[in-house]
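Here are a few friendly notes to read alongside the model. Have the viewer open and follow the points in order.

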Amino acid sequence: RHPCAEDSGTAEIQSAARLVRPLLVSLLLACGPPHRGVDAEPTLEPSPCAQGALFDDWLSEPEAFLRTDQPKGLQGLHVACLWRDSSDILQLEAFKDAVRAPMGPERTAMEEPPEQGANWPAFRTSLSKALGFIKQTNTWQHQELKQPFGVFARQGRRLNSFGAALEAQLIFVVVGGQWFWPPVREGFVRRLPASGMELETLSVQPVVYQVRGFLKDSECEELVRLGEGRMESSPVTLMDKDKGKAAKEFRTSSQARLDRAESGTLRDIDARVGGLTGVPKIHNEEVQLLRYERTQYYSAHLDNWDPSYYSDAAWFEHGHNNRFITVFWYLTTVDKGGETIFPRAYGLPQPQDMYGCEQGLKVKPVKGSVIFWYSLHPNGNTDPNGLHGACPVEEGHKFSANYWVWNKPRVPNPGVDFAERYVADEEVEEEEEADVAGRRMFSSLEEGAGSASMMALAAVAAVAAAAVNLWLQRGSEPSEVEEVQEVAKPQGISSKRGKKKS
């Protein structure tokens, strides 16, 4: 007899049920409706994401989170599968906080959004209810300034319609609003299909990645040259408790600010950083070039501003407009010392000595490589594990650079509903850039071709280059390419392009 059959209860079971009712309710939900007979089939269909092993590269085991004073998981990052089952019921299967739960994923029959009009807002409301989260995740003031949660496909492509979410199937809900790469585990390497870059997870708490060969030697050398003659003592923003102290008590390096408008190389790197982080480049701060001579250091600190420590919090919107990611460039290899240290990594407690370099994750500066880490949890709260410092240089000198990515665009009064607006603006900008590049290619070849066939080849090359460039920049995945089709072409010339699913 099926253990969940309605008539299988006895007086003893009914008596026990009064004491363990919550457990029995969970058991009934797990077993589904009553069935009779020992050969009854389970009613829950496996999700297509589970069948296709789509979750595997995005979830962490609880053991990957070593800290005992924080929850196990990525706070505010939920990985879910969205599909219609064989009965045409909309289903959601989710791993909350991107961690594998001992009892498996949570499954919910979703409310069906309306077919027309406001189906995206209705779906978002249904999604937040199903996942059980609310907008407020801390005690910071002015929650109206916090941006709405974001919904993404794999590789960080932002979704802005119910149809796109259903087609993506595997979706990522980020309560803080901006894409966040799940680290999986220490040593995990993720290859980004659009760029070929590889993200190596150095730490899960804090989330720290290393990307080798991100910068060319020539780019490193140009950036150092741009800073020559402009270096000045590095300042610090003091917490309320440290007001009145000199900056050199915490930091002894020198710096120069570099605007991307100064250099084509900086503009190229700026776009590359956007592809690396999955956050639009309009969120990027200007470059802070750094020079550390022998014995110079920076004591352990956080890169974001937590309003708990600053009385003048209005200028960073009481914490809601903040530094989200630090992309740190190594422009030289240091002979000895100069490591970047994360003293709270490996589950270590808050250090008593903010100047020490004895314990924690230490990353050696290697020319051309970058590391990046998150100052905020996926839900938008400060991650105290992002505490980091620069160990003293013992031999040689160190050139490096900070490139901060904010959780809101670097524009005056960005508001909270900017995400989809700037996605649309960036697509228009990319189309214009691709069109300009295509016309330049056409003009160049036309001048030297002298024949109709070369002009036709130039036109096809321009179309192909623009299409491929857009496809790569928008974060499309190889799995999204459905077919290859012919495009309009002059007689005797063959060209193909990828067509995305409608």
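**Notes on the disulfides**

1. Let's begin with the link of Cys357 and Cys391, which is left-handed, with -115 degrees about the S-S bond. This pair connects distant parts of the chain, 34 residues apart. Look for Cys357 in the loop between strand 15 (340-342) and strand 16 (361-363), and for Cys391 in the loop between strand 18 (388-390) and strand 19 (393-395). Please keep in mind that this is a predicted model.

2. How far apart are the sulfur atoms of Cys357 and Cys391? They sit 2.1 Å apart, and the two residues form a disulfide. If the word is new to you, a disulfide is a covalent bond between the sulfur atoms of two cysteines. Both Cys357 and Cys391 are buried.

3. Now find the disulfide between Cys49 and Cys81, with an S to S distance of 2.1 Å. The pair ties together parts that are 32 residues apart in sequence, because Cys49 lies in helix 3 (residues 48-51) while Cys81 belongs to strand 1 (residues 77-84). The link of Cys49 and Cys81 is right-handed, with 80 degrees about the S-S bond.

4. Stepping back, a search of the whole structure finds two disulfides. Counting the bonded cysteines along the chain, the pattern is 1-2, 3-4.

5. One more cysteine to look up is Cys220. Its relative accessibility is 0%, so Cys220 counts as buried; the cut-off for that word is under 20%.

Technical notes
Residues numbered from 1 in each chain as written. Predicted model: local features only at pLDDT ≥ 70, side-chain atom pairs only at ≥ 80, totals over all residues. Heavy atoms only, no water. Disulfide = S-S within 2.5 Å. Helix = DSSP H or I, 4+ residues; strand = E, 2+ residues; numbered from the N terminus. Buried < 20%, exposed > 50% of the residue type's maximum accessible area, 1.4 Å probe, protein only.
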